[in-house]
Amino acid sequence: MGLPMSDPTAWATAMNNLGMAPMGMTGQPLLPDFDPALGMMTGIPPINPMMPGLGIVPPPIPPDMPAVKEIIHCKSCTLFPPNPHLPPPATRERPPGCKTVFVGGLPENGTEQIIMEVFEQCGEVIAIRKSKKNFCHIRFAEEFMVDKALYLSGYRIRLGSSTDKKDTGRLHVDFAQARDDLYEWECKQRMLAREERHRRRLEEERFRPPSPPPVVHYSDHECSIIAEKLKDDAKFSEAVQTLLTWIERGEVNRRTANNFYSMIQSANSHIRRLVNEKAAHEKEMEEAKEKFKLALSGILVQFEQIVAVYHSASKQKAWDHFTKAQRKNISVWCKQAEEIRNIHNDELMGIRREEEMEMSDEEIEDPSEMKETEESALVSQVEALKEENDSLRWQLDAYRNEVELLKQEHGKASRDEDTTKEQQLKLLQQALQGMQQHLLKVQDEYKKREAELEKVREDKLKIEALLETLKEQESSMSRVCACSQEKEGPVEKTLNNSPVKSEREALLVGIISTFLHVHPFGASIEYICSYLQRLDSKVGVPISPFPRASLGSTFICTTEVEVLMTRLQTTFKQELSGVGASLEKKWKFCGFDGLKTT
């Protein structure tokens with residue numbers, strides 16, 4: 001203990017860096033006026049992990065700079081720092097809530113008092129459990145004190161000035177796992193979890209919506225209050241909920257039935273208001289749809305312009321001047337723009353299809369009525385604009401008269417009132433200008449409405465002309481049909497007494513007789529005509545409203561064939577077969593029956 005120091009200044013500097021009062025080997029202070037707040041660097045307080053209560057960890061040391069540790073002197077021992085070029089001592093993984101450290105490499109003659117003297121500088125020591133094999137466990141009061149104790153790992157300890165092997169050792173400080181530390185850490189975590197749950201519960205209660213107020217019981221006074229609230233649009237929802245609760249509770253009886261009926265009637269009176277609000281919202285929705293459609297069409301126009309730019313750039317006249325990378329970028333951009341344009345175009349077409357599907361059949365089938373309604377709406381708008389125009393003109397005349405009166409009064413008034421009159425005159429002039437501008441706008445709108453009205457009238461005249469032409473075509477068609485019937489009528493009347501008039505008719509009679517003789521149950525006139533068509537390749541009998549057949553170069557009507565068969569009643573006869581909708585006319589050959597009768 002009485003060993004003199006070779007360089008007291010070096011000892012004082014080293015202990016000053018550690019933030020401790022410089023002490024000699026005998027325990028006497030080397031510098032009586034030592035200030036712990038002073039360090040080697042001006043303005044920076046000393047960083048000493050050995051100071052109790054600081055709760056800090058030593059600053060990180062750069063890897064290329066060796067850690068410099070100084071000698072530590074105690075009353076009973078001295079701690080010498082390890083070689084700074086050696087790697088730092090290894091430590092195990094830190095257990096949660098660790099407050100206990102393992103200290104190995106103690107001298108054999110080391111006692112608990114010496115261990116307490118060395119490690120109490122790191123903080124408050126709660127317990128020391130020393131083993132006989134030169135190691136011990138030290139439990140501190142706080143976790144940060146363990147970091148200070150780890151700072152001493154690697155130091156060589158020497159008891160007093162002895163050089164005996166039993167009085168020396170190399171300290172190895174490491175984290176230790178203790179049940180008490182783990183229990184205290186778990187308790188602390190549970191406490192923090194409880195605080196967090198409590199904080200969340202308070203936060204949820206703060207943001208939770210308040211519960212609805214309880215519904216009052218029925219009474220005549222409350223009934224009168226609710227009846228007044230039902231008439232107010234702002235308080236209707238609250239009042240109708242109370243009314244619903246009363247009805248569900250069974251408050252309706254003979255005595256209160258009239259009151260409840262009046263309240264129900266008041267609730268029913270809000271239906272018209274709600275319908276009007278719904279119509280207003282639908283109108284706003286339609287306007288929004290129209291705006292969206294217009295904006296989308298504008299976007300499509302711009303897309304078309306961009307795509308046109310790409311296509312024009314892809315032409316050989318400009319394409320040859322671009323580099324390969326530029327051409328690739330232009331082609332990719334063109335494809336992307338076309339895809340986006342097609343997507344937007346499909347969306348716009350879908351909107352238009354939906355609008356077309358929503359159109360009613362009456363509007364499609366009856367364009368004239370639609371034009372009339374539009375015309376009536378335009379006429380009403382034009383009349384309203386006329387009335388507004390007249391009222392604006394009258395207001396303009398009134399303002400002009402007021403301006404003239406003000407001018408006259410301005411000449412007669414005194415100088416004190418000049419400023420106020422000028423201000424009024426300016427205001428009136430501004431109002432007059434505004435009215436004139438509004439009048440011009442109204443006149444322009446009136447002209448536009450008149451032009452639209454003229455267009456509607458022209459469309460109406462065109463539709464009427466089309467209807468007249470259609471009627472004339474129908475009348476002409478009916479006349480043609482009548483003429484054809486009149487032409488066929490005289491043929492029947494001008495028949496000679498002889499049933500067969502020409503060789504062609506005789507040929508037809510022969511062919512038809514042979515055909516009907518083969519079909520004893522009869523055949524229809526269409527079947528007979530189809531047989532004639534198959535018989536001769538030149539015969540063509542189309543089944544139509546005016547069917548025709550040709551034999552050779554002469555054309556005949558099916559009605560004429562039927563008339564011919566009707567004339568020869570002794571050769572052909574007509575019978576009806578079937579009932580109701582299946583009624584059918586068939587012709588049969590009866591030539592042999594006629595011979596027998598003759």
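This passage walks through a predicted protein model, from its overall make-up down to a few single residues.

Because the model is predicted, local features are described only where pLDDT is at least 70, and side-chain atom pairs count only at pLDDT 80 or more, while totals for chains, interfaces and linings use all residues. Residues are numbered from 1 along each chain as its sequence is written, and side-chain values use heavy atoms, with hydrogens and water left out.

The protein chain holds 17 helices and twelve strands; helices (H or I, at least four residues) and strands (E, at least two) are DSSP runs, numbered from the N terminus. Of its 598 residues, 26% count as buried, where buried means under 20% relative accessible area, exposed means over 50%, and partly exposed lies in between (1.4 Å probe, protein chains only). Among contacts (heavy atoms within 4.5 Å) between residues at least 6 apart in sequence, 62% join residues at least 24 apart.

How confident is the predictor? The score used here is pLDDT, the predictor's confidence in each residue, from 0 to 100. Its mean over the protein chain is 78, and 77% of the residues reach 70 or more. Confidence is highest in strand β3 (residues 100-104), with a mean of 95, and lowest in strand β9 (residues 548-551), with a mean of 45. Residues 490-496 have a pLDDT below 50, and this stretch makes six contacts in the model beyond near neighbours in sequence. The pLDDT also stays under 50 over residues 62-66, for which the model has one contact beyond four places in sequence.

An open sheet is formed by four strands in the order β1-β2-β6-β7, with antiparallel pairing. The edges are taken by β1 (72-73) and β7 (168-170); each has a single partner strand, so one side of each is left without a neighbour in the sheet. Two strands are said to pair if DSSP finds at least two bridges between them. Strands β2 (residues 77-80) and β6 (residues 156-159) run antiparallel and are joined by four bridges, and Thr 78 has Arg 158 in β6 as its bridge partner.

In the model, residues 264-291 are 93% helix and 0% strand, and the end C-alpha atoms lie 41 Å apart.

Helix α12 (residues 367-412) contains His 410. This histidine, His 410, is partly exposed, with a relative accessible area of 31%. Leaving aside residues up to four places away in sequence, His 410 touches Asp 418, Lys 421 and Glu 422. Its C-alpha atom is separated by 9.8 Å from that of Thr 420, ten residues apart along the chain.

Thr 256 sits in the loop between α6 (236-249) and α7 (257-268). Is Thr 256 buried or exposed? Thr 256 is buried, at a relative accessible area of 0%, and it touches Tyr 218 and Glu 251, not counting residues up to four places away in sequence.

Finally, a search of the whole structure for disulfides finds zero, a disulfide being a pair of cysteine sulfur atoms within 2.5 Å. Among the cysteines, Cys 187 is partly exposed at 26% relative accessible area, whereas Cys 529 is buried at 2%.
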